Amino acid sequence: MTDRLSELASGVRFGKFASVGAVGAVFDLSLSSLLIVFFGVANELAKLAGAELAIIVMFVINDRWTFAGAGSDLLTAKVRRFVKSNLVRSGGLLVQVLVVRALGEVPLSIPVAGLDLWELIPLPLAIGASMLLNYVAESLFTWRVATRSSQRDSR
């Protein structure tokens, strides 16, 4: 159990994961904001589209950098990890959508240059709310980092 915790508590791996998350956030926030501001898409739908784009980008970077060596390079294995990553991150995405929905109900307006910034502020808050959940779930289920260490130790 302590091996699992030490694997999850890796500052280097978490730092990489957070850095990749920042890149994903740029993609997510860019697409979500574009859809809301210029196309009038509902906040929750824009959030879903932005999040899926970010999930794809982050999976590619995490697979090659953050969790490099934690899985097979075979295409079928990568596809399996990608599907798992999408399923795992659906929990984080649910958290994000709920945060966007809840904050969208707050009767607040922050007008700046003809835009209501309050429509955009919940987006990065939602990303932050789901980051730790995503890190633990991706480590345990997508790349199975903590379980690999335990399996090696038990041999």
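This is a predicted model: local features need pLDDT of at least 70, side-chain atom pairs count only at pLDDT 80 or more; totals for chains, interfaces and linings use all residues.
**Entry 1**

The contact draws 29 residues from domain 1 and 29 residues from domain 2.

**Entry 2: the interface**

How much area do domain 1 and domain 2 bury between them? I noted about 2,900 Å², with 74% of it on carbon and sulfur atoms. On the domain 1 side I looked up which residues lose the most area to domain 2: they are Leu8, Phe59 and Phe67. Together these three make up 22% of what that side buries.

**Entry 3: fold and extent**

I went through the secondary structure next. The protein chain has 6 helices and 2 strands. Read along the sequence, the pattern is α-α-α-α-β-β-α-α. I also boxed the C-alpha atoms along the principal axes and got roughly 60 × 30 × 20 Å.

**Entry 4: the largest pocket**

I turned to the pockets. The largest pocket has a volume of about 240 Å³. Its lining comprises 19 residues. Which of them lie nearest the centre? I listed Met58, Arg89, Gln96, Ile127 and Asn134.

H2 supplies the largest share, 7 residues. By residue class I recorded 11 nonpolar, 6 polar and 2 charged in the lining.

Where does the largest pocket lie relative to the domains? Domain 1 (1-69) and domain 2 (71-146) both give residues to the lining, so the pocket lies between them.

**Entry 5: confidence**

I checked pLDDT last. The mean over the protein chain is 87, and 90% of its residues reach 70 or more. Which elements mark the two ends of the range of mean pLDDT? Strand E1 (residues 111-112) has the highest mean, 94. Helix H6 (residues 145-153) has the lowest, 51.

Over residues 148-155 pLDDT stays under 50. For that stretch the model has 9 contacts beyond four places in sequence.

Key
Residues are numbered from 1 along each chain as its sequence is written. Side-chain values use heavy atoms; hydrogens and water are left out. On a 1 Å grid over the protein atoms alone, a cavity is a set of points where a 1.4 Å probe fits but cannot get out, and a pocket is an open set with protein on both sides within 12 Å along at least five of seven lines; lining residues have an atom within 4 Å of a point. Grid points are joined across faces, edges and corners, and a volume is the space filled by probe spheres set on the points. Helices (H or I, at least four residues) and strands (E, at least two) are DSSP runs, numbered from the N terminus. Ala, Val, Leu, Ile, Met, Phe, Trp, Tyr, Cys and Pro count as nonpolar, Asp, Glu, Lys and Arg as charged, and the others, Gly among them, as polar. Domain bounds come from an automatic or database domain assignment. pLDDT is the predictor's confidence in each residue, from 0 to 100. Contact means heavy atoms within 4.5 Å. Buried area is the accessible area (1.4 Å probe) that two parts lose on being put together, summed over both.
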